[in-house]
Amino acid sequence: MNGRGKSDGPIVPAKPSNNGRDASRRAERVEGRGPTKGNPVRQTRFRAQNRADLQHALDRIRQAVKRNSNGRLTTLWHHVYAKDRLRQAFQNLNRKASPGVDGVTWQQYAENLEVNLEDLSERLRRGSYRARPVRRVYIPKADGRQRPLGVASLEDKIVQRATTEVLNAIYEVDFLGFSYGFRPNRGQHNALDALTVGLQKKKVNWVIDADISGFFDAIDRKWLTRFLEHRIADRCVLRHVHKWLEAGVLEGGKKRREETGTAQGGSISPLLANVYLHYVFDLWVQQWRNRHAQGDVIVVRFADDIVLGFERRDEAERFLEELGERFRKFNLKLHPAKTRLLEFGRYAAERRHRRGQGKPETFDFLGLTHICGRDRGGRFVVLRKTRRRRVRAKLRELKVELRRRLHLSIPDVGRWLASVLRGHYRYYGVPRNYRALATMRYRVIWLWYRALRRRSQRHKMTWERIRRLEMKWLPQPRIYHPHPQQRLRV
């Protein structure tokens, strides 16, 4: 079989090993059937076989990690520069993403893909590959500030994604269960459900809502390298990670080097951030909970967003103080305004009422505001509502975009607004949040109504007509996600 996946001889498919527990063995070869007479050989068959071979390689890495929980892996780089893995990484890139400093788009690179990948693989094998600086861009945050992002060049994206896939095979064995950010088969709603179930099922009376100031920019690269060396002894992998960290930033036509941090937006940055916090926070908090906690303690972390629940206030206060000391050792700092200790749980409302302090405080996590509430039977539940700041920011964006689309046809605008609302429902459509979804839809209708009235001074847009349009084009609110207990039970 040649490099492009076409066969020159009879097809010999791979048969899985009879012993499923010994995944490190090569699959047995068996006589296969050739293609039906007159049918061309389909390249998809070989692509599937290549994907299986790539997966087997990752499985062998996982088994090696499991066999030696404290061992270091010495030969990893050949998995990264394998042409099939680079091709898979390229296919998984966002095809509409902005180009980096090289100006190369996904479509341009794909025009001569096999030659480009062959050249890239050879440069990675020889060690002549050079990382390019990232292009700095800014995107607005919900609070009105700007979030800096780094746009890498296309080949850097390919190699970083391939490297991340190989390293995930190592660190997914090591990472702890309460870490959810930027991990395979885990997402925001897994973290949200774990937090909700923990608050409702455990004896939680106090919550620490922790936020790290400028986390991605504050990562100490020397400590990060030491953490990576705990598991990785392949100097090629470590050298290329160092290249990406030291590549610099291009902003306003000027290149500058930064001594700390890793650029947000890079394919490998989330993994490096998880590795850093795994050693700085996860292992430490697990040890702290086992050694010092007398009451229940729950932990949920999504990247640098951390929420902890405590049964006892004295333990929560002690932990918060020691957490600040722990972070300072590794060049991190808790945000003084966003990090707080609040009373939250099944008895918070009663206790605060007896003290004359009003309703329990709320906290925000991953775009949802968490509130102490009761169901119809009087049982304690955690109510989750769409964060108001997120709604206001989204409505401001829609207002500007509706003005830009002022002269488009009503069906075109209607289809676009429908896609916006469906995306909003898919994320925020959690149980007991229907009213907030309906409010969001009503405000979108009102913005559309005002935009249509601006199309002409002699408009004929009435509220009756906009009602007919919204019924035709805008989807009704929908709860997409099951109750947290149901998802975790599955």
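Residues are numbered from 1 along each chain as its sequence is written, and side-chain values use heavy atoms, with hydrogens and water left out. In this predicted model local features need pLDDT of at least 70 and side-chain atom pairs count only at pLDDT 80 or more, while totals for chains, interfaces and linings use all residues.

Me: Why is Q200 called buried?
Reply: Buried means under 20% relative accessible area, exposed means over 50%, and partly exposed lies in between (1.4 Å probe, protein chains only). Q200 has 11%. That is under 20%, so Q200 is buried.

Me: Where does Q200 lie?
Reply: Q200 is in helix 7, residues 188-201. Helices here are DSSP runs of H or I with at least four residues, strands are runs of E with at least two, and both are numbered from the N terminus.

Me: Which residues is Q200 in contact with, leaving aside its neighbours within four places in sequence?
Reply: Contact means heavy atoms within 4.5 Å. By that rule the partners of Q200 are R346, F380, V381, V382 and Q485.

Me: What makes I466, L469 and E470 one side of helix 17?
Reply: These are the buried residues of helix 17, residues 463-473. They cover an arc of only 95° around the axis, so they sit on the same side of the helix. The arc is that of the directions from the helix axis to the C-beta atoms.

Me: Which exposed residues does the face turned away carry, and what covers the buried ones?
Reply: The face turned away from the buried side carries E464, R468, M471 and K472. The cover over the buried residues includes helix 15 (410-428) and helix 16 (434-453).

Me: Why is L366 called buried, and N331 partly exposed?
Reply: L366 has a relative accessible area of 11%, so it falls in the buried class. N331 has 39%, so it falls in the partly exposed class. N331 is in the loop between helix 12 (313-329) and strand 10 (340-343). Its phi is near 70°, a positive value in a residue other than glycine.

Me: What makes one space a cavity and another a pocket?
Reply: On a 1 Å grid over the protein atoms alone, a cavity is a set of points where a 1.4 Å probe fits but cannot get out. A pocket is an open set with protein on both sides within 12 Å along at least five of seven lines. Lining residues have an atom within 4 Å of a point. The count here is four cavities of 30 Å³ or more.

Me: Which residues lie nearest the centre of the largest cavity?
Reply: Of its 24 lining residues, V134, W244, L245, T262 and A263 lie nearest the centre. The largest cavity holds about 240 Å³ of space. Helix 10 gives the most to its lining, with four residues.

Me: Which helix gives the most to the lining of the second largest pocket?
Reply: Helix 6 does, with seven residues. The volume of this pocket is about 660 Å³.

Notes. Grid points are joined across faces, edges and corners, and a volume is the space filled by probe spheres set on the points.
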